[in-house]
Amino acid sequence: AEDGIRDVAVTGVQTCALPISDLQLPDDQTLLLYVGKVTVGRGVEYVLDLLPRLPNVVFATVGPCSEQLRRDLNAQAQSVGVSGRFRILPAVPYRQVVSYIRGADAGIIAADVVALSYRYSMPNKLLEMAFANVPVIASDLTEIGHFLTEFGLGRTVDFDRREAMLYEVAKFVQTAGRHRMDEATDRKSTRLNSSHGYISYA
């Protein structure tokens with residue numbers, strides 16, 4: 001494994017998912033996670049461009065990714081010198097996603113707003129990260145913003161401004177722990193479960 005990160009098979013769907021915490025990152029590194037299908041326009045390439053200036057951040061994706069895009073993203077990571085801090089992890093069965101990603105330091109949703117309907121959408125990846133208690137920094141989209149504000153799980157920013165994106169992501173990963181819920185005592189955690197009907201699959 002490179003840089004102390006355990007190698008994980010990257011083809012197909014991983015049926016016996018190791019938890020993200022099993023990646024065994026060094027204590028001084030922060031894991032920033034993208035969840036969902038990896039396609040152009042979802043912001044993965046933008047985060048890669050920022051990664052050289054986020055020296056203590058490891059960026060990983062969890063979800064399906066075509067072989068061509070995998071090659072392109074790995075080539076991009078190599079060209080900007082962050083191959084050791086970028087991982088494309090395989091898709092996992094949907095019932096395992098929440099338990100798999102639990103333990104990540106922060107999640108990111110940096111999709112381009114390509115349609116009005118997307119602005120008002122509530123993507124599954126947001127709920128998955130919420131139930132995994134992973135703080136989220138996201139594009140400034142209406143429904144995502146309302147959800148993050150209601151449950152205090154993160155914040156939205158205007159990712160169209162690239163320099164601002166760097167500042168906001170750097171600041172967020174340093175303070176993301178403030179957005180975690182105390183799942184034992186926090187009423188927001190109870191309300192999240194009751195309002196969105198998540199069933200935990202261990």
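Colleague: How many salt bridges does a search of the whole structure find?

Modeller: The search turns up 3 salt bridges. Bear in mind that this is a predicted model. The general idea is that side chains of opposite charge can pair when their charged atoms come close. Here, one case is the salt bridge between the side chains of R70 and E67, at 3.5 Å from N to O.

Colleague: Where do R70 and E67 sit relative to each other in helix α2?

Modeller: They are 3 residues apart in α2, which means about one helical turn separates them. Helix α2 covers residues 67-79 and has the highest mean pLDDT among the elements of the chain, 96.

Colleague: Which element has the lowest mean pLDDT?

Modeller: That is helix α4, residues 116-119, with a mean of 54. For the chain, the average pLDDT is 80, and 75% of the residues score at least 70. Over residues 1-17 the pLDDT stays under 50, and the model has 45 contacts beyond four places in sequence for that stretch.

Colleague: Now to helix packing. At what angle do α5 and α6 pack, and how far apart are their axes?

Modeller: Two packed helices are described by the angle between their axes and the distance between the axes. For α5 (residues 124-131) and α6 (residues 142-151), the angle is about 10 degrees and the axes lie 11 Å apart. The two helices are therefore roughly parallel to each other, and their crossing is right-handed.

Colleague: Which residues make the contact?

Modeller: Helix α5 contributes L126, L127 and A130, while α6 brings I144, F147 and L148. By class, the contact has 6 nonpolar residues, with no polar and no charged ones.

Definitions and conventions. Residues are numbered from 1 along each chain as its sequence is written. Side-chain values use heavy atoms; hydrogens and water are left out. pLDDT is the predictor's confidence in each residue, from 0 to 100. Helices (H or I, at least four residues) and strands (E, at least two) are DSSP runs, numbered from the N terminus. Contact means heavy atoms within 4.5 Å. Axes are lines fitted to C-alpha atoms, for helices over the stretch in contact, and angles run from 0 to 180 degrees between N-to-C directions. Angles under 35 degrees count as roughly parallel, over 145 as roughly antiparallel, 65 to 115 as roughly perpendicular and the rest as oblique. A crossing is left-handed if the near helix is turned anticlockwise from the far one by less than a right angle, and right-handed if clockwise. Ala, Val, Leu, Ile, Met, Phe, Trp, Tyr, Cys and Pro count as nonpolar, Asp, Glu, Lys and Arg as charged, and the others, Gly among them, as polar. A salt bridge is a side-chain nitrogen of Lys or Arg within 4 Å of a carboxyl oxygen of Asp or Glu.
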